[in-house]
Amino acid sequence: MPRPITAEASILGLRSNSLLKGIPVSALEEFARLCRWRRFPAGQQVISREAADQDVYLIVSGKVRVTAFSAAGRQVTYRNIAGGDWFGDFAAIDGLSRSADVVALDDTLLAAMSPVVFRRLLHEHPAVCDRMLQRLVTSLRELTERVFDFSTLGVQNRVHAELLRLARQAGIKGNAARIDPAPKHSDIAGQVSTYREQVTRELSAMARQGLVERAGRALVIPDVARLEKIVAEVRRSA
């Protein structure tokens with residue numbers, strides 16, 4: 001049976017969220033009381049595409065995936081979001097229905113904030129508003145880049161670009177990156193709009209070229225600069 005959320009735990013959970021970084025403890029205490037705390041086991045759906053609810057969710061622990069399915073069952077993965085981040089803000093801002101499905105990848109604890117409380121948070125705390133603006137701009141830039149890649153690059157190059165994105169996300173040390181655990185081929189396929197079998201072929205080709213290596217359960221990019229050069233050259237020539 002899930003343990004109840006204590007006041008101390010709820011405040012600590014909000015304090016660790018990047019959206020609320022730096023706001024006074026008194027404000028955290030108030031917002032903690034206004035949130036609804038919800039637990040989702042791995043695999044459970046948190047948000048349904050086209051649903052009318054408009055809460056903003058702060059991830060206290062766990063991880064979720066933002067995704068969507070076509071009528072034929074084809075999956076498109078937008079991104080994975082880990083603890084300390086947030087999601088659901090678009091619907092809270094524009095009042096429209098949800099634009100994607102969100103599924104818990106791990107056992108996940110969320111703090112749900114109503115649109116009214118979320119807007120109050122933005123208006124009363126300029127630093128939080130600035131982070132929200134930064135998130136919106138970052139999302140737009142990522143979308144612009146993905147549309148460009150989907151419109152101009154072949155599958156091979158889209159796989160290269162996605163692995164480069166994952167390498168940067170994992171962290172680059174000494175020109176190498178370790179993606180741990182290695183992404184599933186089906187997950188990469190969902191990100192670059194292709195099929196799992198095609199991703200498997202492309203990763204095998206990259207391994208033969210020395211662009212990727214397996215190390216236990218991890219996928220290693222031994223020369224990130226080389227991969228960056230390949231992706232940059234293809235984008236310039238597209």
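**Exercise 1. Locate R98 and decide whether R98 is buried or exposed.**

R98 lies in the loop between α3 and β7 (101-104), where helices (H or I, at least four residues) and strands (E, at least two) are DSSP runs numbered from the N terminus. The model is a predicted one, in which local features need pLDDT of at least 70 and side-chain atom pairs count only at pLDDT 80 or more, while totals for chains, interfaces and linings use all residues. Residues are numbered from 1 along each chain as its sequence is written, and side-chain values use heavy atoms, with hydrogens and water left out.

Step one is the accessibility: R98 has a relative accessible area of 5% and is therefore buried, given that buried means under 20% relative accessible area, exposed over 50%, and partly exposed in between (1.4 Å probe, protein chains only). Step two is the surroundings: leaving aside neighbours within four places in sequence, R98 is in contact (heavy atoms within 4.5 Å) with residues including I47, E50, D53, D55, Y57 and G88. Step three is a distance: from C-alpha to C-alpha, R98 and A82 are 20 Å apart in space, and they are 16 residues apart in sequence.

**Exercise 2. Examine the backbone at E50, N175 and P181.**

As background, most residues other than glycine have a negative phi, and most peptide bonds are trans. E50, one of the contacts of R98, is not a glycine, yet has a positive phi of about 75 degrees; E50 is placed in the loop between β2 (45-47) and β3 and, with a relative accessible area of 54%, is exposed. N175, in the loop between β9 and β10, likewise has a positive phi of about 75 degrees without being a glycine, but at 31% relative accessibility N175 counts as partly exposed. For P181, which sits in the loop between β10 (176-179) and α7, the peptide bond from D180 is cis, with omega near 0 degrees.

**Exercise 3. Work out how strands β4 and β5 are joined, and which residue is the bridge partner of R65.**

First, take the pairing: strand β4 (residues 63-69) and strand β5 (residues 75-82) pair in the antiparallel sense over seven bridges, where pairing requires that DSSP finds at least two bridges between two strands. Next, within this pair, the bridge partner of R65 is N80 in β5. Finally, consider the connection: the two strands form a hairpin with five residues between them, and G73 in the turn has a positive phi of about 95 degrees.

**Exercise 4. Determine whether T194 is buried or exposed, and list its contacts.**

T194 lies in the loop between α7 (185-192) and α8 (196-208), and at 9% relative accessibility T194 counts as buried. Beyond its neighbours within four places in sequence, T194 is in contact with R74, V155, R158, A189 and V199.
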